[in-house]
Amino acid sequence: MAEGMAQADAAALKRKIRELARERDAVIISHYYCVPDVHDVADFVGDSLGLSQEAQRSPQKVVVFCGVHFMAETASILCPDKTVLLANLDAGCPMADMITPEALAKRKEELPGVPVLTYVNSSAAVKALSDICCTSANVTAVMRSLPGERILMTPDRNLALRTQALVPDKEILLWPGFCPTHHRVNLAEVKALKEEHPDALVLAHPECQPKILAEADVIGSTSGIIKACLESDRKEFVILTEEGVTYPLKKQRPDKVFLGPATPMICPNMKKNSLADVLKALETLTPVIKVPEEIRAPALRAVERMMAVPRDWRTLAGIPGRLGACCIIHNCIATALLVVDGLLLACHIHPRTLPQNPLCNRLLGWHHGQSRLAPRVPAPCPCVSRPAPL
Ligand code: SF4
């Protein structure tokens, strides 16, 4: 509940916001990392790019973005005809601020011909200077899709290091940026938590440092972490991403236990978005975030190139043609099915289900090498009931 606000007052404020949103023809979208009160009034709660895509699909003309500045910019890039409001203009992202267009332009001059892959957690101006964007969920597929062996990846060095481990045939040049909320996770605290809860599933965001990721069973995007928790039959979960994700998790699974490090993982900028800010944005239709067209057009190109990259195992394994594999959980290779001509040939989490086809062996071996979950995922395979189409 909003600090210092009685429950009845908060409920009345939420009703007022919803009424005003209808009057203003506005859609309210909130990142998972915002405070629970803001989740409660949002039409959509999700990850940054997914939210901008929801804004694009929504029929409303006004978008109230509860998140940080670069996210509202992405909404503006995808929805140039809508009025995009950022609930709190002071909500910036320290990681996005660790790269400027000037610094990127200079680095590009030093690296002629080297493609630039930029995480969506970046300003529109930086996206505009990049060849292609990525999210934490699709980064390996995007990286593999790029020509050449050397790639400059910006701005998150931790995500780049993780990608380097998954795509060893590329030489990834790092940018020295990081997310303070994820970068500062304390290894001793994580180890202590694991010792106290040995049966807990440990899930980490790839913005964490490699030494933290090495402790995780599942590495994935925010949405991926939520999905993996909801699909797991474990009772306890150690969540190594911003603590906001535990609100939807606890609402959906009150019978489970969601734990975090002793030093909470909080993004102070995301928490700046309050109910009062949402109300004010709807009342005043400010502050507007509008990306100028000369930046929007090249930034959109980088985002659209990313969206055009197929996110499937054929790309990841470099296997063309009819061999397909499906059901990945947020790129961490937790589970995978191999399907050829519609027939399920293998599922790597079941040791008895061995591949019947030499092509499958190649793919299976590849992701077996990456997977840390294989011995721990219980049968039956949760993917079997819903294989993705080839
Ligand atoms: S959690 Fe990290 S990357 Fe996300 S907005 Fe906060 S500082 Fe930026």
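I began with helix α1 (residues 7-23) and helix α14 (residues 275-284) of this predicted model. Their axes come within 10 Å and cross at roughly 30°. Axes here are lines fitted to C-alpha atoms, for helices over the stretch in contact, with angles from 0 to 180 degrees between N-to-C directions. Helices are DSSP runs (H or I, at least four residues), numbered from the N terminus. α1 and α14 are therefore roughly parallel to each other (angles under 35 degrees count as such).

I noted that α1 passes α14 in a left-handed crossing (the near helix is turned anticlockwise from the far one by less than a right angle; clockwise is right-handed). On α1, I listed A10, L13, K14, K16, I17, L20 and A21 in the contact. On α14, I listed L275, V278, L279, L282 and E283. Contact means C-beta atoms, placed from the backbone, within 7 Å. By class I found nine nonpolar, no polar and three charged residues. Ala, Val, Leu, Ile, Met, Phe, Trp, Tyr, Cys and Pro count as nonpolar, Asp, Glu, Lys and Arg as charged, and the others, Gly among them, as polar.

Next I looked up α3 (residues 48-57) and α4 (residues 69-78), which pack at about 40° with axes 9 Å apart. Their crossing is right-handed.

Last, I checked the ligand: 13 residues surround it, the closest being C93, M95, C179, T181 and C267. Near means a C-beta atom, placed from the backbone, within 6 Å. The shell divides into nine nonpolar, three polar and one charged.

Residues are numbered from 1 along each chain as its sequence is written. In this predicted model, local features need pLDDT of at least 70 and side-chain atom pairs count only at 80 or more, while totals for chains, interfaces and linings use all residues.

Conventions: Helices (H or I, at least four residues) and strands (E, at least two) are DSSP runs, numbered from the N terminus. Angles under 35 degrees count as roughly parallel, over 145 as roughly antiparallel, 65 to 115 as roughly perpendicular and the rest as oblique. Two residues are in contact if their C-beta atoms, placed from the backbone, lie within 7 Å.
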